[in-house]
Amino acid sequence: MKAIVVPMSHWDREWYDTFEQFRYALVKMVDELLDVLDNDPAYTTFLLDGQTVILEDYLQIRPENEERIRSLVKAGRLQVGPWYVQPDEFLVSGEALIRNLLIGRRMAESFGAVERQGYVPDSFGHIAQMPQILHGFGIHTFYFMRGLGEDVEETKAEFWWQGLDGTRVLAHYLSESYTNAAIATGDPDTFALNHPAVVSYRNLYELLERLGRRATAGVVLLLNGGDHLRIQPELPAYLRALNERMPDVEFVQGTLTQFEQLVRSAAPELKTVAGELHYGRYHPILQDVLSTRMYLKQRNEAVQALLEGQAERLAAAVFALGGPNLSHALRHAWRTLLKNHAHDSICGCSTDEIHREMMTRFANAEQVANAVVIDALRSLAGAATVEPGEIGVVVWNPSAFRRSGLVTVEVAPYEEVPLGERRFGWSGHPVDLTEYDLIGPDGSSIPFDLGQPHLVCEDALYRRKTFDRVPVTFWASELSPMTARLYRLVRKPIRHTAVPTVHFHPQVENNRWLVRAAEDGTVSLLDKPSGRWYHGLLGMVDEGDAGDEYTYSPPARQTVVRGLTGVQVARQGEHTLVVQGTLWVPRAVTTDRTGRTDEVVAVPVTHTLTLLPDSRWVACRTTVDNRAFDHRLRVCFPTGLRATHSIAETAFGVIRHPVMTEKKEGWREPPLGTKAQRRFVTVEAEGAGLAVLNRGLPEYELTPGGDLLITLLRCVGHLSRADLRTRFAHAGPGFETPDAQCIGVHHFEFALVPYTGTWQDVDLPGLAEAYTVPLTGVSVHGATPWRPARLPESLVSVTGATLSAFKVSEAGDAVIVRVYNGLDRQKEAGVAFGFPVANVELVTLAEDEPSPASTDEAGSVRLALRPFEVATLRVTPKW
């Protein structure tokens, strides 16, 4: 037997200590590591946890050591990358994972080399498309601890892991954890570890027997390290001693790459495991972090959508039309956001102070993205021609398909604002926008609503100008794919119109659906084409939670509260219903945590439902003023459909989750009814379906009776506890975390889509984008440093696939267009360009290895995509 011993330290940037506290320890650890590597040739290698952010954090304190690190990386003694941070995979987008690897690779290569090993030792489960993502970066292996549901004795430690599209990588299951050789010695009898929550063995013989029994190639992997551990400088001496005492085993200090080469050279017959790894058979996956501190998930989803769906696409549009490259700012915004994607961060399972700091990072990334959006929009708006006395409003469709939708534009209510002009002392005189008509691109008059004016200060480079902006909201119809269109505010003649009398009914409707409020606070929804009613929607379900930030744990004497009291229904205009009521829930769990208190508190709930005439969904905004502790609050959608599976979006595809009907005995974390989703989940049967789109609500459950429950809040008061009914032992330190109780007002946004046929027939991925990435715009004022000569009818349009990314290339000399087949059957896709193109190539996710792209006579790219396949195009504009 051969044992590859890889020294490492798993480095959570923040967890039970803050980032700066951990960084103080990081500097001491890396200082010692560099000294040992420089002074002891026998200490040959060290794995820097697969994430390059460690170098960034360290060198901000110790910049004088940059060349030492670069020398060690080039020599192959320090392995860095491929990740920027070790991410959670279920709580971030597929594009965020790609940006993580792009930035990690770029940084690692700047030091001399990137470790092309898919090392993800401690993330809480793994998405089904990770094999395809890794393969797109030239990474063909995967190392993990959590998530396996297969029989490890049958599967063995190595197996082929297959993604949704059929891509395979060589997986190595860290059955005895990523800290299996954390406390090495030169004596096999004292080489022992006792960590009941992860791994325990009495001596090295026992450990090697377990690992050897599962090895497929006669080689085992020992990881000499653990969470925030300093190195063991004596390791080479220990290995020499072990080689003398255990002649049947060859101990080699080495790398993951060496381990991969040994396994592949043995060419063992391996089993194939397909789909996501989100099971707790051998190690807990801590699945309930999906709903811990839901406010983090909501903020992350909002900033991701802003970066991916708006800022990157607008920056690429400007670049494709010959304008400046704004991507340097976006790379900074991504690095800021990605620091929040580390698994202990985005999962919400750290101390309160850490998550407060995360909110600042979210805000910082959002500010940069918004600055790029405004800058790019103003540049594109510069191509519009506005007559004197008019106020131009340019609306941008960020999607690669034709769209209609509600848009809100912050309009400067002035006929002239000298933005982009070096002018001092300007003082504008606002106009009354109620005296204006809004004229669409086709010359028709469009109704609009005005919000409250607010003061802004803009144009810093041309002498600041302080003025009002007013939100103007209207319905923009039939906007071409990925382009901007001009609307005009034109002064209208004074005329008087009669105000129609509206008789109140507790319902709203359009040509597709009717929504009616009930006295118990729920609503009914009629799908007019099919005649099917869905009753009891938006029912509130509240349960006690005696768990912690990692795990939901119902008290032994559970109390479930359903329904609102004191319900009031109001109508706002023609299209909006407001349903208000109170949920009376126990104040907390009892002192002994076995039940819920007799004392109850009022939790006010407001549902605001909007159904516009041309809308493709029923929008709902639910506001909850949480005043209770230790509970889980969910909203229920009884579908009435006897489905055996739910269908939920995952990165670059969908996952079918069976309804849980049986318990698994002997699992470290038994399977739960709750599952992960990205932007939608749907239930369908009997030729009908009900989908729920969401903005940052990643946890749901489908019951055997057809009730779909979406988690809104999970409120707990400890980072970890050891007295849970649903988990063995602690998952972290037992600190109190009062902020995780989520006391206060919260807003949740989701939308309902009843349909006939299947989810593929109604293009749920396209609806999810339209719901989460809104139309946007800007008013036309002043001059810009650059503007296009004209705006094309459409910059990019996609048929037969879903656009995932439109961005400036990492090299800064082209634009990247990424699409994927979101369906479970092969599709023919087309990508057409509305700007002059010099060259189009197919590239990997890493934007390298170019190959010719097939085009038709019109210059459109034609793609034959396997089910759930991702394809990336590198498009060089012709300027």
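Q: How many salt bridges does the structure hold?
A: The structure, which is a predicted model, holds 69 salt bridges, a salt bridge being a side-chain nitrogen of Lys or Arg within 4 Å of a carboxyl oxygen of Asp or Glu. Local features need pLDDT of at least 70 and side-chain atom pairs count only at pLDDT 80 or more, while totals for chains, interfaces and linings use all residues. Residues are numbered from 1 along each chain as its sequence is written, and side-chain values use heavy atoms, with hydrogens and water left out.

Q: What makes the pair Glu20 and Arg23 a salt bridge?
A: The closest N and O atoms of Glu20 and Arg23 are 3.0 Å apart, and because the limit is within 4 Å, the pair counts as a salt bridge. Both residues lie in helix α1 (residues 19-39), three residues apart, about one turn of the helix; helices are DSSP runs of H or I with at least four residues, strands are runs of E with at least two, and both are numbered from the N terminus.

Q: Why does the salt bridge of Glu686 and Arg532 tie together parts that are apart in sequence?
A: The side chains of Glu686 and Arg532 meet in a salt bridge of 3.6 Å, N to O. Glu686 lies in the loop between β35 (680-685) and β36 (688-694) and Arg532 in strand β24 (residues 532-537), so the pair links parts that are 154 residues apart in sequence. Glu686 is exposed, with a relative accessible area of 58%, and Arg532 is partly exposed, with 24%.

Q: How do you know that Glu308 has no salt bridge?
A: The nearest side chain of opposite charge to Glu308, Arg678, is 5.7 Å away, where Lys and Arg count as positive, Asp and Glu as negative, and His and the chain ends are not counted. Because a salt bridge needs a separation within 4 Å, buried Glu308 has none.

Q: What joins the side chains of Glu308 and Ser93?
A: A polar contact of 2.4 Å joins them, a polar contact being a pair of N or O atoms within 3.5 Å in which, within protein, one must be able to donate a hydrogen and the other to accept it, and residues adjacent in sequence count only if both atoms are side-chain atoms.

Definitions and conventions. Buried means under 20% relative accessible area, exposed over 50%, partly exposed in between (1.4 Å probe, protein chains only).
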